[in-house]
Amino acid sequence: MWKFIVRRIIIMFPQLVLLSMIVFILAQLMPGDVTSSLAMDPNVSPEQQEQIREDLGLNEPWHTQYLNWVGSVVQGDFGHSFTHSVPVSDLIWHRMVNSIWLGVAALIFVYMLALPLGLISGRWNDTIADRLITGYTYIGFAAPLFIFALVMLFIFGFQLGWFPTGGSVDPGLTGWDFFTSKVYHLLLPALSLALIGTVTTVQYLRSEVIETKQKEFISTARAKGVPEPKVYTNHIFRNSLLPIAAVFGYEVTTLIGGSIFVEQIFSYPGMGQLFLESIQVRDFPVVTAIVMLFGVAAILGALLSDIIMSIVDPRIRIK
Amino acid sequence: MSDRSLLEIDNVQTSFRVGDSYYAAVDGVSLNVERNEVLAIVGESGSGKSALAFSIMGLHNSHKTKIEGSIRLNGKDVNHLSTSELNKVRGKDMGMIFQEPLTALNPLKTIKDQITEALDLHTNFSAKQQNERALHLLNEVGIPRADKVMNQYPHELSGGMRQRVVIAIAISCDPSLLIADEPTTALDATIQSQILDLLNELKEEKDSGIILITHDLGVVAEMADRVAVMYAGQVVELADVMSLFKQPKHPYTRSLLSSVPSTQDEKDMLHVIQGVVPSLPKMPRTGCRFKARIPWMADDTHEENPELREVADGHYVRCTCYKHFYFPEEEAEKDVAAHRE
Amino acid sequence: MSLLTVNNLKVHYPIRGGILRRKIDVVRAVDGITMELERGETYGLVGESGSGKSTSGRAIIGLESPTAGEVTFEGQKLNQLKRQDRREYYKDIQMVFQDPYSSLNPKKRVNDIIAEPIRNFEKRTKDDERRRIQELLELVGLSPESMHKYPHEFSGGQKQRLGVARALALQPKLIIADEPVSALDVSVQAQVLNFMKEIQRELDLTYIFISHDLGVVRHMCNRIGIMYNGRFVEEGSAEDVYDNPQHIYTKRLVAAIPDIDPANRKHQTDFRREVKKEYDNKKAEFFDEHGGVFDLKQVSSTHYAALP
Ligand SMILES: Nc1ncnc2c1ncn2[C@@H]1O[C@H](COP(=O)(O)OP(=O)(O)OP(=O)(O)O)[C@@H](O)[C@H]1O
Ligand SMILES: Nc1ncnc2c1ncn2[C@@H]1O[C@H](COP(=O)(O)OP(=O)(O)OP(=O)(O)O)[C@@H](O)[C@H]1O
Ligand code: SF4
Ligand SMILES: [Mg+2]
Ligand SMILES: [Mg+2]
C-alpha cells in the first residue's frame, strides 16, 4: 500500500507541471504585465519601463520565464495585484483560510447528508423513503446552485434572520467566541453548497448499495445466518462506500466550482469571491494565482480519494 | 413420516416476477432427504435446481419471488419463518455451498474474518477458539499453507481455493442439512475426491443429510444414495442411484447419460440434446415439457400431461411412454442391421 | 518449428501482511514450466487447483508479466519484441475464460462485445465490421440476428460460444481455453466441445485446454501436462498419463477420477485408499527435501515425469 501511495504521489508531479504550464500560458495570454500599471505613470519613461522589464526578466525566452515563474510560485510569490498593490500571496492567504473553512464544512455536510440518505434509499429501494430521497436528488440536479443559494439567503438570512447575511466572522472576537462566530457564518453557505453538491454522491451510493445487495457474497453472508442489519453494516455498506471514495475527488472539484457563486452570494470573503472580483477588474495576477490554487486543490482531492481507496480496498495494486 | 426424515419438501412452487407476472421456476417439487443420506439433483442448466436450493435456505428476494408449499426441516416449517428466526437456523442447522466460487466471498474481508463470522453467530467460542477452528477447517478442506491463507483476501486465491473456503464456511457449524450447489466443479479430481470424502464423513459423523446439486454424473455415481433428475422446474425422474444409472427411464435422463465424455471410450463427437431449455415465460405449462427436445418422436407417442408415477420400488418417472423412446442414431443402426439381414 | 515454446516460465506474487501491508512472502504461482506446442494440437493443462494453470495461461497471453523465463511464439521471443510487434503477437493468441457469465459485459450488446478486439486491432469500415461479426456468429452456430441481443438473453452454452466467437475475431492461431466448459451442464458441454473440435479442424487452431475434468481432457487433448505447485510433475500423451502414470501425484489424480458406474463405488474407494497409502509412503521419494518438484526426466519418446 505504501508503495502504491508513493507511486500515486509521484504521478501527481506531472499533473502539477501540466497545470502550472496551462496556468502560465493563460497568464501570458492575458493582456498586460507588472509594467502596464507603470505605463500609466507619467514619471516613468518608456526607457525606464524597458529597464524594469529587463530587470524583471520579462525579456527572457519563454522557458526561462516559465522556470522563474515556477520558482517564485513554489515560494508562494504570485507577483503583485494590479488593483490592490500588495503581493498576491498576502491578498489570497486570508481568503484561502476562509475558503478552506467553507470547503471543509461543506464537505462534512455533503457526507453527513449523503451517507444516510444514500444508504437508506439503497437499502429500502422503491419504498416511500427511497422515492422521497430520489425526488430530492432530482431537484438537486435540476436546481441551479446560485438560485438555490439566493433563496436560502433570502429565507434564512433576511426573512427569518437565523443566520448572518455576509462576512466570515464578527469582528473583535477571540478564542472560543471567534470559533463559534466563524462556524455560525459558515453554516448557511456551507449548507447551501452541500444540499446541492451532495446529490451526486447520494445517487451513486444508492445505486452502489442496490448493486451490492445482489452480489453472491451477500447470499453467502445470509446463508451463514448473519442478521439483516449486520448484513448491511458488515457486508453491503463497506463495499458500497468504495466507489464513493472514488468520486471524492470529483466532489471536491464541484464544491470549488460551487463555492465561487456561493461566496459571492453570501458576501463571504473567500477565494471564490476574490476570483469574481478580480475578473471584473481584470486583476490578472490574482486570477492566475487562484486558478492555480483551485487546480492544486482538485489534484489533491483526487490524490486523497485514491489514497482512501487503497486503504479500504485490498485489491488495489498499481500496475 | 419416518423419524429418520430430515427435510420434507412438499409441492414447492417457486415463482419469479418477470414484468408483472410470476412464472414458476420450480413447479410442484416434492422431495425428502433423510439423515445420513445424499440426495443428488441433476438437470440441465436453468431447470430450477439452484432456485429450489435458494427456496430451502430462504435466500430469495421476497419482493420478487413467491414460494408456495411446505419446506420442513426437522419438522419445522422453514418456509414461513420470520427472517430473524430463520437466521437462527441458517448457518447452524442448514448450510449452503454456492455455485460461483469467484464471487461467493466478500472481496474486502480476509478469509479468517469470513469463516469466524459464522462461528461468532452460532457458537460461544472465544476469539482464539474461533481462529483455531477456522484454521482447522481450512486444513480439513485441503488448503495448503492454511495459516498464510487465513490472512489473505479472496482475490489472492485461485478459484479452487476460494471454493474450498466457501465449503469451510458452510460446514463450520456442522449443519444437519448441507446443500451443496456444484461444490466441486472448480476443483481438481484429487481435491474433489477429498472434499467428497469429507462431506461423507461429516454426514456419517453428524448423521446429517446432503443435497448435492451437480452436473458431474461421475460425482453423482460416486456420492449419491438417491438421484432426482429435474427438467424445466419439475422432477422428471427419481430413483436410487443404481437404478438410475442402470435403468434410466425418462428420455431426458437417457440423453444426459449419453452426453458424458468418459476416460474410456473414444468417440469423436458427443451426444447433444437438440434445442434449449425454454426461458421462464416461454415454458410450456401444459403437456410434456421435454417434447420439443426430441422432435423425432412422433406426436402420438407422447402423453397429454405426464405425472410422476412409481414404476418400480422407489423409482418414479414422469412419463409412461418411455418404453417407445429411442435415439435417432440407434434407429439408424437398427436400420442398417435390418438391411444386412 | 513449433508454434509455441515456453521456457522455464516463472510468475511469483508477493504476499503482503501487517498494518503496513509490506511484502512478507511470495507465492510461487508458476515456478519454472517448459512446454512446446505444435500447430494444430490440443495441449491439456490439468493439476491441483492453485497449481498455477490459469496463471500460466495468463502469462502466455501477456496478462501477467513473468518473473523469469521466456515465451517464444512462431520463433519470436515475446519479451524481446517491440511494442508494436507484441500487439501483433497478442492478436494471434486469444483466451476463452472459465465463466461465461461474468466474462461478458452485461451492458454491452453482442456486436459490441465481439467487435471489441476487432476495433482494437484492425481498422474496418462499419459495414465490413458487421459482416465480420455475422460471419463469426455463424461460425459459432448462432443466428446473425443475435448480434443485437444482450448476453443475458443467451443460455450458458450460447454465452460460452460468444466467448469463443470473441476469441476467434482476430483469427488467432492459438486459443487458451481456461475451463471453458466447467460451468456448463453435460449436454451443453458436449455441444461446446464438439464445436471446439470442429473449428479446430476447420481453422487449424491450436489449443491449450485447461480443465479439471479428466474425462473432458482425455476426450479433447493429444498431450497433457500435469501441474503441481507451479511445476510440471508429468507430461505425455493421454495413454501415457492415464494408463501408465509415473509420478505419484499423477497416479493419485488419475485414481481420483469419478467413475460413472455406481456399482464400482466400493472398488473405487478401496483403490483410492490404496493409492493414498502409497502416496503417503512414497511421497518423500518423489519430492525433494523441501517438498519441491524435481525436473522432468524422459521416460519414453513421448513421456516425461519429474522423477529424482
Ligand atoms: N432471480 C431470478 N429472477 C428471475 N428468473 C430467475 C431468477 N433466478 C433464476 N431464474 C430463472 O429460473 C430458472 C431456473 O434457474 P436456476 O438458477 O434454478 O437453474 P439451475 O438449475 O440452477 O441452473 P444451473 O445448472 O445453470 O445452475 C431459469 O430459467 C432462470 O433464468
Ligand atoms: N493476484 C494474486 N496475488 C497473490 N497470489 C495469487 C494471485 N493470483 C494467483 N495467486 C496464487 O497463485 C497460485 C496459482 O493460482 P492460479 O489461479 O494460477 O491456479 P489454478 O491452477 O488456475 O487453480 P484453479 O484450478 O483452482 O483455478 C495460487 O496459489 C494463488 O493463490
Ligand atoms: S410424454 Fe413421455 S415420452 Fe413423451 S416426451 Fe414426455 S416424458 Fe417423454
Ligand atoms: Mg444453479
Ligand atoms: Mg484457474
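This is a predicted model: local features need pLDDT of at least 70, side-chain atom pairs count only at pLDDT 80 or more; totals for chains, interfaces and linings use all residues.
## Conventions

Local features need pLDDT of at least 70 and side-chain atom pairs count only at pLDDT 80 or more, while totals for chains, interfaces and linings use all residues. Side-chain values use heavy atoms without hydrogens and water, residues are numbered from 1 along each chain as its sequence is written, and chains are lettered from A and ligands numbered from 1 in the order in which they are written.

## Chain A

The secondary structure of chain A consists of twelve helices and zero strands. Helices (H or I, at least four residues) and strands (E, at least two) are DSSP runs, numbered from the N terminus. From that end on, the elements of chain A run α-α-α-α-α-α-α-α-α-α-α-α.

Chain A has 319 residues, and 43% of them are buried. Buried means under 20% relative accessible area, exposed means over 50%, and partly exposed lies in between (1.4 Å probe, protein chains only). Contact means heavy atoms within 4.5 Å. Among the contacts in chain A with a separation of 6 or more, 74% join residues 24 or more positions apart.

## Two domains in chain B

Chain B splits into domain 1 (5-224) and domain 2 (231-340). The bounds come from an automatic or database domain assignment. The contact draws 20 residues from domain 1 of chain B and 19 residues from domain 2 of chain B. Taken over C-alpha atoms, the two domain centres are 30 Å apart.

The size of an interface is often given as the accessible area lost when the parts come together. Here, domain 1 and domain 2 of chain B bury about 1,600 Å² between them, 66% of it on carbon and sulfur atoms. Buried area is the accessible area (1.4 Å probe) that two parts lose on being put together, summed over both. In domain 1 of chain B, the residues that lose the most area to domain 2 are B:Asp27, B:Glu44 and B:Leu217. Together they account for 36% of what that side buries.

Two salt bridges are counted between domain 1 and domain 2 of chain B. A salt bridge is a side-chain nitrogen of Lys or Arg within 4 Å of a carboxyl oxygen of Asp or Glu. B:Asp27 forms a salt bridge with B:Arg289, with the closest N and O atoms 2.6 Å apart.

On the side of domain 1 of chain B that touches domain 2, the elements giving two or more residues are β1 (5-18), β2 (21-34), β3 (38-43) and α8 (217-223) of chain B. The largest share of that side, seven residues, comes from β2(B).

## Salt bridges elsewhere

Side chains of opposite charge can pair when their charged atoms come close. Over all chains, the count is 34 salt bridges. One of them joins B:Asp207 and B:Arg4, with the closest N and O atoms 3.0 Å apart. B:Asp207 sits in the loop between α7 (189-206) and β8 (209-213) of chain B, and B:Arg4 in the segment before β1 of chain B, 203 residues apart. B:Asp207 is partly exposed at 25% relative accessibility. B:Arg4 is partly exposed at 34%.

B:Arg226 and B:Glu37 also meet in a salt bridge (2.6 Å, N to O). B:Arg226 lies in strand β9 (residues 226-231) of chain B, whereas B:Glu37 lies in the loop between β2 and β3 of chain B, 189 residues apart. B:Arg226 is buried, at 18% relative accessible area. B:Glu37 is buried too, at 9%.

## Across chains B and C

C:Asp261 forms a salt bridge with B:Lys246, with the closest N and O atoms 2.9 Å apart. The pair crosses between chains, from the loop between α9 (248-255) and α10 (265-286) of chain C to helix α9 (residues 241-246) of chain B. C:Asp261 is partly exposed at 22%, and B:Lys246 is partly exposed at 44%. In chain C, a network of salt bridges links C:Arg39, C:Glu74, C:Asp92 and C:Lys173.

B:Arg164, in helix α6 (residues 159-171) of chain B, is buried yet has no salt bridge. The nearest side chain of opposite charge, B:Asp188, is 5.2 Å away. Lys and Arg count as positive and Asp and Glu as negative; His and the chain ends are not counted. The B:Arg164 side chain makes a polar contact with the side chain of C:Ser49 (2.6 Å). Leaving aside neighbours within four places in sequence, the contacts of B:Arg164 include B:Val141, B:Pro144, B:Leu187 and B:Ile191.

Note on methods
A polar contact is a pair of N or O atoms within 3.5 Å; within protein, one must be able to donate a hydrogen and the other to accept it, and residues adjacent in sequence count only if both atoms are side-chain atoms.
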